[in-house]
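Biologist: I'd like to learn how to read a model like this, one feature at a time. Can we put it on the screen and start?

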Amino acid sequence: MTPIDRAISHLHSLDASARLDSPLGRLDARAKVLVTLGFLVTVASFGRHQLLQPLPLVILLSAGWALSEIPVRSLGFRLAIASPVAVLIGMWNPLFEPEPMLRLGSMVVSAGWVSFLSILERFLLGMAAVLLLIGSTGVDAVAAALGRLGVPRVLVTQLLLLYRYVFVLAAEVERMLRAHSLRAPNRPRPELRTVRSMLGELLLRSLARAERVHAAMLCRGFAGELRAVTPLRLGLGDALFVLAGLGFLALVRLADLPRAIGNLLR
Amino acid sequence: MRGVRFTFPDGSEALRGVDFTIHHGESVGLVGANGAGKSSILLHLAGVYLASEGEVRVGDWPVSRSTLVEVRRRVGLVFQDPDDQLFMPTVFQDVAFGPANQHLPPPEIEQRVGEALAHVGAEHLGQRPSHRLSGGERRAVALATVLALHPDILLLDEPSAGLDPMTRRRLIRWLGSFEHTRIVASHDLDLVLDSCERTLVLAAGRIIADGPTWSLLTDAALLERAGLELPLRLQGSPVTPHR
Ligand SMILES: Nc1ncnc2c1ncn2[C@@H]1O[C@H](COP(=O)(O)OP(=O)(O)OP(=O)(O)O)[C@@H](O)[C@H]1O
Ligand SMILES: [Mg+2]
């Protein structure tokens, strides 16, 4: 297996885990989308020097994770894949904000480091929430829920096609690398010259393939809209889930839980 | 098809004047060497390609940009490469894609998916992701995606390539029992012999023979001109078994 093949497998297994019959999986996709959106807004609303206040959100995530019955290992792995992005975004903050902010024992932590950690923290929290949503719901059901919640059809369809297209593109890369390695077994990776022509080829191939896939879709009556087959149904459990989830989020946002707990213990 | 010519944007001529008429309920084989234009003909009948010259009609409809929806409601095309056909996350969703686009109620969609998968012997694959199937399984599922549409005209491009003998046999039997029009492009001349009454022989973008399958596929000289050979069954076994 090449790294690309493995990455595709991971994406698939995330989508496939949505078919686990878990308490979270059985909830209506719309309820989960709502709570996840609330979660993301809450996470984003914290200031960049508030390191401790968002931490109670981990409780909510863990509860969701336990209810989803998705193996913890697969979450950790995917978060690790994604975190370099956050590191890249936050990496310059320590240089821009050198003024001291925190004192841990004899160590002085500058404001820049605090905001760096805060970016990383919020990114990981948000990412984990989205992974949990997709892992317990499936991309298609999430898209269907977005459509029912009033997101324009065109956007939802775009989202779904984009998601499909990732697989199409990855499969092309995979094939080319395999073909290359079979005919050049002594070279672990293609030379730069070969890579350049492969990239051009990749573009043309994936365009041609996208065209054929599109033709196949049109042949089966595609009229610009992907339709979900599974019906959505809202029940009492979904309502309770939304209330409890959003309630907890409001509590974390409005009351400074870590400080309150600290005061209680004092 | 009347005088159909088709040239790709890069200048290669795929069809150089193709004429034929197929009536309702006929089963027609389309044979010819690689690059003879078999796939191109099927893609024209489904309106994926539009003829550069000449006319293509499906039923009462001339195939043109404005009639595509009507044409495709009648025609089901199974692509040569099953990967082009499958694009949903699971086999079930892929087969349900067409019926869902016909706005059928969910129970009926489910019933059609079940039937279509059963026809190709792939009931057990329903919840698998399409990208993770073997080559032959993909082909079977690709066929099911089109069967679920209940087309009046079925176009199959190399349906038996990569199928195991049992599945291929089932395909042949099933093709024989399909009561609507079917057009099968294939190098599997034995399959054509078994499932098609009529055959079109194609060479370099032209039809060089059109007639009853049996008489054409036993004509060694004709087949040689088309870059083909007698069906295996008619070749006589060159290997004599040891006793
Ligand atoms: N996308 C394309 N762009 C340019 N030329 C093409 C394209 N697809 C096919 N051709 C050319 O058109 C001609 C007919 O191709 P077609 O795919 O119809 O052949 P075929 O009879 O289906 O062959 P095979 O048995 O190999 O499937 C060939 O000469 C081929 O090179
Ligand atoms: Mg072909």
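Biologist: Is B:Q80 buried, partly exposed or exposed?

Modeller: Look at relative accessible area: under 20% is buried, over 50% exposed, and in between is partly exposed (1.4 Å probe, protein chains only). B:Q80 has 41%, so it's partly exposed. Before we go on: this is a predicted model, where local features need pLDDT of at least 70 and side-chain atom pairs count only at pLDDT 80 or more, while totals for chains, interfaces and linings use all residues. Residues are numbered from 1 along each chain as its sequence is written, chains are lettered from A and ligands numbered from 1 in the order written, and side-chain values use heavy atoms, leaving out hydrogens and water.

Biologist: Which residues coordinate the magnesium ion?

Modeller: Donors are N, O and S atoms within 2.8 Å of the metal (3.2 Å for Na, K and Ca); water is not among the atoms, so a site may look incomplete. Here B:S39 (OG) and B:Q80 (OE1) coordinate the magnesium ion, ligand 2, at 1.9 to 2.2 Å. B:S39 sits in helix α1 (38-45) of chain B and B:Q80 in the loop between β7 (75-78) and α3 (82-85), so the pair ties together parts 41 residues apart in sequence. Helices (H or I, at least four residues) and strands (E, at least two) are DSSP runs, numbered from the N terminus. B:S39, at 21% relative accessibility, is partly exposed.

Biologist: In what order do the strands of the open sheet in chain B run?

Modeller: Strands pair if DSSP finds at least two bridges between them. The order of the 3 strands is β2-β1-β4, with antiparallel pairing. β2 (13-18) and β4 (53-55) of chain B are the edges with a single partner strand each, so one side of each has no neighbour in the sheet. On average, neighbouring strands are turned by 25° against each other, direction ignored.

Biologist: How many bridges join β1(B) to β2(B)?

Modeller: There are 4 bridges between β1(B) and β2(B), and B:R5 faces B:R16 in β2(B). The two strands make a hairpin with 5 residues between them, and B:G11 in the turn has a positive phi of about 100°. On the β4(B) side, β1 (2-7) pairs over 2 bridges, with B:R2 opposite B:E55.

Biologist: Which helix packs on the sheet?

Modeller: Contact means heavy atoms within 4.5 Å; axes are lines fitted to C-alpha atoms, for helices over the stretch in contact, with angles from 0 to 180 degrees between N-to-C directions. α1(B) touches β1 and β2 of chain B, and its direction makes about 70° with that of β2(B).

Biologist: Which residues touch the most other members of the largest nonpolar core?

Modeller: A core is a set of buried Ala, Val, Leu, Ile, Met, Phe, Trp, Tyr and Cys residues joined through side-chain atoms within 4.5 Å. Of its 47 residues, B:V95 and B:V141 touch the most other members. α6(B) gives the largest share, 7 residues. Not counting residues up to four places away in sequence, B:V95 touches B:V141 and B:L117, among others. Apart from that core lies another, of 32 residues, including B:V28 and B:I183.

Biologist: Where does B:E158 lie?

Modeller: B:E158 is in the loop between β8 and α7 of chain B. Its phi is near 55°, positive in a residue other than glycine, and at 8% relative accessible area B:E158 is buried. B:H103, in the loop between α4 and α5 of chain B, has a positive phi too, near 60°, but B:H103 is exposed at 56%.
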